[in-house]
Number of protein chains: 2
Amino acid sequence: MKLGAIEAGGTKFVCAVSDGDFNVEDRTQFPTTTPDETMAQVFAYFDQHPVDAVGIGSFGPVSLNEDAADFGFITNTPKLAWKNYDFLGAMKTHFDIPFYFTTDVNVAAYGEYQAGAGRGKQNILYWTVGTGVGASYIQDGKFLQGFSHPEMGHILLRHDPRDHDFEGVCPYHGDCFEGLAAGPAIEKRFGKKGFELDPSDEFWEIEANYIAQACVNATLILRPDVIIFGGGVMKQEQLFPQIQASFVKQLADYVDTPEISNYIVHVELGDDAGITGALMLAKKALK
Amino acid sequence: MKLGAIEAGGTKFVCAVSDGDFNVEDRTQFPTTTPDETMAQVFAYFDQHPVDAVGIGSFGPVSLNEDAADFGFITNTPKLAWKNYDFLGAMKTHFDIPFYFTTDVNVAAYGEYQAGAGRGKQNILYWTVGTGVGASYIQDGKFLQGFSHPEMGHILLRHDPRDHDFEGVCPYHGDCFEGLAAGPAIEKRFGKKGFELDPSDEFWEIEANYIAQACVNATLILRPDVIIFGGGVMKQEQLFPQIQASFVKQLADYVDTPEISNYIVHVELGDDAGITGALMLAKKALK
Ligand SMILES: Nc1ncnc2c1ncn2[C@@H]1O[C@H](COP(=O)(O)OP(=O)(O)O)[C@@H](O)[C@H]1O
Ligand SMILES: Nc1ncnc2c1ncn2[C@@H]1O[C@H](COP(=O)(O)OP(=O)(O)O)[C@@H](O)[C@H]1O
Ligand SMILES: [Zn+2]
Ligand SMILES: [Zn+2]
């Protein structure tokens, strides 16, 4: 059995092939340009490396409602060339095999769920804090999804008083979670990137407060078994004890959670999570 | 087939019996006192009205984790006589029939899902705004539940600037959703009950903003097909257009939702939702 994976990001595509046990045998990547150009490279790759099924994690927003006419499309993206692009349809026209189609965040979450920091847990909340804030919730092996997929990165948060004057950078909401806490918000405040700030800078306490507040609300709404954080900003390891302490304070013991140091944790698979998850979802599509 | 229902509230218990089509044939209620006294009345009722299964919606917090030793217990309640009370165990000792045990909010949500404002929808979010704020999420017929049941009533919200000085009344968080928007918070602000305020009072705009903010965050996290509101405070019908307008403004078109007037709606079953839902869950327990 051969499994295929596509991690379709806004800046680059990664394609990979594995055996039935998810041992990666080949892997390539190329920049995301136009659908014509980029998809031609995808087709060529899997023509050369035939597989039995492909798991696809795509940048979004995407339509995941199997009953909808636009299922498998990239829909209302600001990357105009890809707006309303029938990604899954294009794959199906070219390859007569099963596909699992979902968001880029969902495939990474699934990798962590099965093989990373979520191993052995029933319900996981996965956040990535990088250029944007993305999230995925997996309950009993299934992605939480209703009218469409969650967009938890834009929940509305209260300002930290020390950060009172910062308006946020989200073009939709200004000071939503992403607008206050993702990489570009840090850059806007300081005129330099997050990794250029000192890890002991007081700002990280503010950043941790926002992330903890998002964890409090998600805990009360979802009651996950673990909350897993990845993405560029979360490479600041000092954030974890700060988030944990702020979470405990803000939740104020209102509900039980797992022991805090096992509850709010870092990803384990790092950059491999997406491809690992996509391969596992490819196998799921085969059944 | 005879079905039984128990709506176990903090102030009163309601018991009812129906045929297999949920037509209620008998119903009684009595005040919630001590477990000994109150449960004796429950036992006597179902001794007199034998049923094939009972659906139970209990005030909480309750343990709903079937693998836990305390499954079916009322756990850490401020009603001390009921703290760590084995509700389901007591029922099972007395009656050798199947039970469905869940929260009082869940049974009411299930009633609305099957027979009320959620009819025909796959995923519903149900809120009750009364003495407290309770919530339930049903996805594909199943209650959302992870480490334990949601407690969405206590999510943290940003203050409305016009309400800047109000500290909230939640003993845990001060100004969480419940602390800002449930009945007692209104009473604290005005020294009179919500139903004594004029429906044209400017305050309802503030109340609507808080409720809309909770809907925005729950929408981004859960993506429900409909959000249904019940409870005493929501009897203020002018709130609905105000919440809808505020929701649209706060969400700022970031994600699609169903058409707003069909998205944020009032309960349809009113006080019958709990018993209806409990009877339906009793039938589910029989299968
Ligand atoms: N070590 C770091 N500390 C703080 N911020 C970082 C760090 N590394 C990357 N970032 C920020 O994270 C963002 C990139 O996130 P990343 O998850 O790597 O990619 P993307 O979200 O674009 O897929 C940028 O805004 C960058 O400044
Ligand atoms: N018409 C109304 N308008 C505003 N508030 C109301 C109204 N009716 C009841 N309330 C408030 O709702 C709360 C009671 O909520 P209710 O849902 O009836 O009961 P409970 O939450 O205790 O089960 C009280 O705080 C009461 O003041
Ligand atoms: Zn935003
Ligand atoms: Zn609270």
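This is a predicted model: local features need pLDDT of at least 70, side-chain atom pairs count only at pLDDT 80 or more; totals for chains, interfaces and linings use all residues.
Several polar contacts are found between the shell and the ligand. The side chain of A:Thr131 places an N or O atom 2.6 Å from an oxygen atom of ligand 1, and a polar backbone atom of A:Gly232 lies 2.9 Å from an oxygen atom of ligand 1. A nitrogen atom of ligand 1 is 2.7 Å from an N or O atom in the side chain of A:Gln236. Ligand 1 taken alone exposes 570 Å², of which the protein buries 66%.

An oxygen atom of ligand 2 lies 2.6 Å from a polar side-chain atom of B:Thr131, while a backbone N or O atom of B:Gly232 is 2.9 Å from an oxygen atom of the ligand. B:Gln236 contributes a polar side-chain atom at 2.7 Å from a nitrogen atom of ligand 2. Of the 560 Å² that ligand 2 exposes when taken alone, 66% is buried by the protein.

Chain B also provides the donors of the zinc ion (ligand 4), which is coordinated by ND1 of B:His154, SG of B:Cys170, ND1 of B:His173 and SG of B:Cys176 at 2.1 to 2.3 Å. The angles among these four donor atoms are 106 to 117°, and the site is tetrahedral. Along the chain, the donors follow the spacing H-x15-C-x2-H-x2-C. Both B:His154 and B:His173 lie in the loop between strand S8 (142-143) and helix H4 (177-181) of chain B, so the pair ties together parts that are 19 residues apart in sequence. B:His154 and B:His173 are each buried.

Technical notes:
Residues are numbered from 1 along each chain as its sequence is written. Chains are lettered from A and ligands numbered from 1 in the order in which they are written. Side-chain values use heavy atoms; hydrogens and water are left out. A polar contact is a pair of N or O atoms within 3.5 Å; within protein, one must be able to donate a hydrogen and the other to accept it, and residues adjacent in sequence count only if both atoms are side-chain atoms. Accessible areas come from the Shrake-Rupley method with a 1.4 Å probe; for residues, only the protein chains shown count as cover. Donors are N, O and S atoms within 2.8 Å of the metal (3.2 Å for Na, K and Ca); water is not among the atoms, so sites may look incomplete. Four donors count as tetrahedral if all angles lie between 85 and 135 degrees; four count as square planar and six as octahedral if opposite donors are over 155 degrees apart and all others between 65 and 115; anything else is irregular. Helices (H or I, at least four residues) and strands (E, at least two) are DSSP runs, numbered from the N terminus. Buried means under 20% relative accessible area, exposed over 50%, partly exposed in between (1.4 Å probe, protein chains only).
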